[in-house]
Amino acid sequence: MGKRPAKYSAAALIKHGLTRGDWPRMWRRPEMRDSYDVVIIGAGLHGLATAYYLAENHGITNIAVVDKGYVGGGGSGRNTAIVRSNYLTPEGVAFYDRSLSLYKTMANDLNLNVMFSERGHLTLAHTDSALRTMHWRAEVNKLQGIDSSVIDPQEVKKQAPSLDVSDNTRYPILGALHHPPGGIVRHDAVVWGYARGADHHGVHIIQETEVLDITVEGGSGPGGKGAGGKVTGVKTSRGDISAPVVVNCTAGWASLISNMAGVPLPITTHPLQAAVTEPCKVFLPTVVVSGSLHVYVSQTDRGELVFGASVDPVGTYRVNGTLEFTEELAGHVLELMPGISKMRLLRQWSGLCDMTPDYSPVMGFTPVEGYLVDVGWGTYGFKAGPVAGETLAETIATGRTADLISPFGIERFTHGDLVGEKGAAAVGH
Amino acid sequence: MIVVPCPNCGPRNSGDLRNCGENIPRPDPSTASLVEWREYLYMRENPAGWVSETWYCRGGCRRYFTVQRNTMTNEIRGQEAS
């Protein structure tokens, strides 16, 4: 068995086509064992990346990744696939920049084409205060060596000719934060790549298996759970697993899973809606974000325009689309790009976002020994997936919180040491 | 669309109101420790099911009231002024 799973190539296609059959599965469907070194809850991008880096970087392969649904069926398959590193806080910038560099080499590392397209990222400013925040972000970014600068409306027009940069709009474009390393990635391929890579190292991906409870001994809360306790395993819909380490890599259901271990989280769950148009000839070369208009848009390689918005204002686990969203989105998009008024929406969908008070994630150890979290990924979980997996794997393998994620620990909410990213993460992606 | 029954204004679209989140007992600011206070500020039950929460009728009577809402279905019952 090679170090990496086999590449998909024309030669392989012809070979498997001629031999009629034996098309290798990307990952197996293993029988669940009753004990593992590490159990990861959630077979999405974060869970699978953590399993992959535990195996690849640290040689820990006796891992189960358990999911009540299927691989990549949650936020990993519902996001708008944008990556960037032009955040507001120095902690955020360093963290997301590492993720971006992992994305750049991912196709080679995982031997799977993830269609990373480094096409530039524009965050539009429509007000003086927004322009001020753009300058702030640009300076924080430059200090850390990130390619990021503020450009004027004429330059915006050059970058994205379809945008209306005139003064005749309700919210004229005053400038933009230009971030050339930003781009989009084929999000499903990223999940499949990590799943295939982890499986290749012997990790068990166990789908359609719901975690019903996390077993904890010796804690100060009811049932021996909570602070001071120690994890002994999980109860699932297919039986119990004993494991000294349990990692919560869920999104949308993070609070419910964490309550099973007696660790409350500072999270409220909100749906975020997105939509995609029918395909047309490629005309939008960059990713365009407008915080004031609550919209971001990019054009896929198939020619569809993908739109995202801000999270719905009312916290709920219900993920049905609303007409209010479609109307507001269409109005705002046409404000930016009047030329697409005849385009039709193909579909809309929504996913669950776990919002934290400071728009930064909650990662690492918790007051329960052996129970780690990788939650609170709000609207920025996709772009952070690779670095979250890498740093969490390091944290599990070494027993020491990785430097890049030390600002994101759960204890910051008791110490009052929050990492305020709202200025760069509230709408802009 | 979530329809919220305001005790004064009747059924309103949730866009006319502000959701103030789940009701959490407020510790006494004069005796609460910083840790207790921050727990009150940040930690949430975030249940999947019935939750007691506060709404603010910002587009109408501008009063606060409490309802029970099911976060899985957005069904609402039992409003009372708070």
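**View 1. Strand 20 of chain A and its antiparallel neighbour, strand 19, in a predicted model.** Start with A:V362, whose bridge partner in strand 20 of chain A is A:V375. This pair belongs to a set of 4 bridges that join strand 19 (residues 362–365) of chain A to strand 20 of chain A in the antiparallel sense. The two strands make a hairpin with 5 residues between them. Have a look at A:G370 in the turn, where phi is positive, at about 85°.

**View 2. Strand 20 of chain A beside its parallel neighbour, strand 13.** Here 3 bridges link strand 13 (residues 245–248) of chain A with strand 20 of chain A. To find your way, pick out A:V246, which has A:Y371 as its bridge partner in strand 20 of chain A.

**View 3. The side chains of strand 20 of chain A, pointing two ways.** Which residues point one way, and which the other? A:Y371, A:V373 and A:V375 share one direction, while A:L372 and A:D374 take the other. Both groups are buried, A:D374 included. Because 5 of the 5 residues of strand 20 (residues 371–375) of chain A are buried, this strand is largely enclosed by the rest of the structure.

View 4. Zoom in on A:V39 and, leaving aside neighbours within four places in sequence, you will find contacts with A:A64, A:V66, A:V234, A:I241, A:A243 and A:V246.

**View 5. Domain 1 of chain A meeting domain 2 of chain A.** The centres of the two domains, taken over C-alpha atoms, are separated by 30 Å. At the contact, 19 residues of domain 1 of chain A face 17 residues of domain 2 of chain A. On the domain 1 side, helix 6 (187–200), helix 7 (254–260) and helix 11 (422–425) of chain A each supply at least two residues.

**View 6. Chain B against chain A.** How many residues does each chain bring to the contact? Chain B brings 18 residues and chain A brings 19 residues. On the chain B side, strand 3 (18–22) and helix 1 (34–42) each provide at least two residues. Helix 1 of chain B gives the most, 4 residues. The side of chain B that touches chain A is made up of 8 nonpolar, 8 polar and 2 charged residues.

**View 7. An open sheet of 3 strands in chain A.** The strand order is 3-8-4, and the pairing is antiparallel. Strand 3 (82–83) and strand 4 (117–118) of chain A are the edges, each pairing on one side only. Strand 4 of chain A is joined to strand 8 (residues 183–184) of chain A over 2 bridges. As a landmark, find A:E118, which stands opposite A:G183 in strand 8 of chain A.

Key: Residues are numbered from 1 along each chain as its sequence is written. Chains are lettered from A and ligands numbered from 1 in the order in which they are written. This is a predicted model: local features need pLDDT of at least 70, side-chain atom pairs count only at pLDDT 80 or more; totals for chains, interfaces and linings use all residues. Domain bounds come from an automatic or database domain assignment. Two residues are in contact if their C-beta atoms, placed from the backbone, lie within 7 Å. A residue is buried if 20 or more other C-beta atoms lie within 10 Å of its own, exposed if 12 or fewer, and partly exposed in between; C-beta atoms are placed from the backbone. Two strands pair if DSSP finds at least two bridges between them. Ala, Val, Leu, Ile, Met, Phe, Trp, Tyr, Cys and Pro count as nonpolar, Asp, Glu, Lys and Arg as charged, and the others, Gly among them, as polar.
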